[in-house]
2 protein chains.
Amino acid sequence: MSDTMLHNEVTTDTETQIKLAARKIFLQKGLAGTRLQEIADEAGIGRTALHYYFRSKEKLFAVVWKDFFGELASRMPDLSADNYTIVEKMQLFAGHYIDDAMQKPEVDLFLLNEFNKNPALFQDIQNMLQKDFYQYFKAGIADAVKRGEMKGNPEQIFLTFLSSCMFPFAAMGMIKSLLNLSDEAYLKLMKERKQYLIDFLATAFKG
Amino acid sequence: MSDTMLHNEVTTDTETQIKLAARKIFLQKGLAGTRLQEIADEAGIGRTALHYYFRSKEKLFAVVWKDFFGELASRMPDLSADNYTIVEKMQLFAGHYIDDAMQKPEVDLFLLNEFNKNPALFQDIQNMLQKDFYQYFKAGIADAVKRGEMKGNPEQIFLTFLSSCMFPFAAMGMIKSLLNLSDEAYLKLMKERKQYLIDFLATAFKG
DNA sequence: GTCTATATATGGATAGAC
DNA sequence: GTCTATCCATATATAGAC
């Protein structure tokens, strides 16, 4: 309680430790699968002390979820410049996405699960990147279709595009089993996938 | 205990009821997320009575998992005939896959989760469809690449192919939120996707 | 303000009633 | 053979100790 501690706390204070621990466990196990005990152990704190800092498991999850989503914006490169074609923007996005996902491959399946179980979570982040992200690409794709540069329903094209980025990470466990890959071999495959996807996107939707 | 009941039991006996209930709940919630109470309620039986029919939760899951996988073989059309090109085989598979997945769209995310959490589950079904399924398509794609009919790494092509079939169902919740779709609109989009994918696969990997 | 002892609920499994 | 009363472990949350 000394005055000297008042505004000097670094990012290693208890509250931050808890947030980091919670983030790690929630990402691995999801909301329902996470036990507060695990978070407490990871944070090096007593189990019930968590309730002092965050009233409940749901409250803690809500905080982590918001932090987490702000950070996810890094998967969205700056596409505001008009001197890119929609295909180039898709290539840019795919490249950024894979670079980022390779650092935290658990994120993709986590997102699918939490959105699936709790659609309300989407409301929380409407103002962040998601809604714009879809409308942005859909409009660009629709334009390209009109000009005859792409073939097919813009919604379907968008889904195929998103699938090709997200699925290989969301399905990490299945892919490792199915293709019989070690952790290293899997990461190598994902690294190769960056260039593959950029090449693929250049022509895939021309029809 | 009368003799008349011995071999006459239909598929509505308690054991079958439990299996059906377990299948439904496990698919929705996964192994870890499922509470035996829910299965018991769904089956109209006491909670602890489950232990009489199936010794433990894991045993019950194992039974359901096997049944479930046998049934999944329906997503694999007969591709043995040699008079199909690999592209035609991919189109056939995609069509069957979407028809089947529309009947039970929870299956895809369930599979991703269970394979991710428990790689050992894969061993159980090695003799069924999966291993062959991958090697089969990979070999066909590699041949097409050699002949110059396709461009790119066969593994990446396979991943993109699988992504385009599986992801739209695995990400159902996210897609409904992101595209702002009702249940009906989502199913309509998936129905359209069948023809879209068949058209897409015809040219997507030509490079 | 920070954390712990304790309460309450719920999950799964066993032993044994009918 | 079928199901229930009960046990034990674990989960979250509160009240209160320091």
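**Close-up views of a two-chain model**

View 1. The same surface serves both copies, as 100% of the contact residues of chain A recur in chain B (contact means heavy atoms within 4.5 Å).

The model is predicted, and local features need pLDDT of at least 70, side-chain atom pairs 80 or more, whereas totals for chains, interfaces and linings use all residues. Side-chain values use heavy atoms, without hydrogens or water, residues are numbered from 1 along each chain as its sequence is written, and chains are lettered from A and ligands numbered from 1 in the order in which they are written.

**View 2. An edge-to-face pair in chain B.** The whole structure holds 48 aromatic pairs over all chains (ring centres of Phe, Tyr or the six-membered ring of Trp within 6.5 Å; planes under 30 degrees apart are stacked, over 60 edge-to-face, the rest tilted). Among them, Phe26(B) and Phe61(B) are edge-to-face, at 4.9 Å centre to centre and 90° between the planes. Both Phe26(B) and Phe61(B) are buried (under 20% relative accessible area, with exposed over 50% and partly exposed in between; 1.4 Å probe, protein chains only).

**View 3. Tyr136(B) beside Phe137(B).** With ring centres 5.8 Å apart and planes at 90°, Tyr136(B) and Phe137(B) form an edge-to-face pair. Tyr136(B) is partly exposed, at 29% relative accessible area, whereas Phe137(B) is buried, at 0%.
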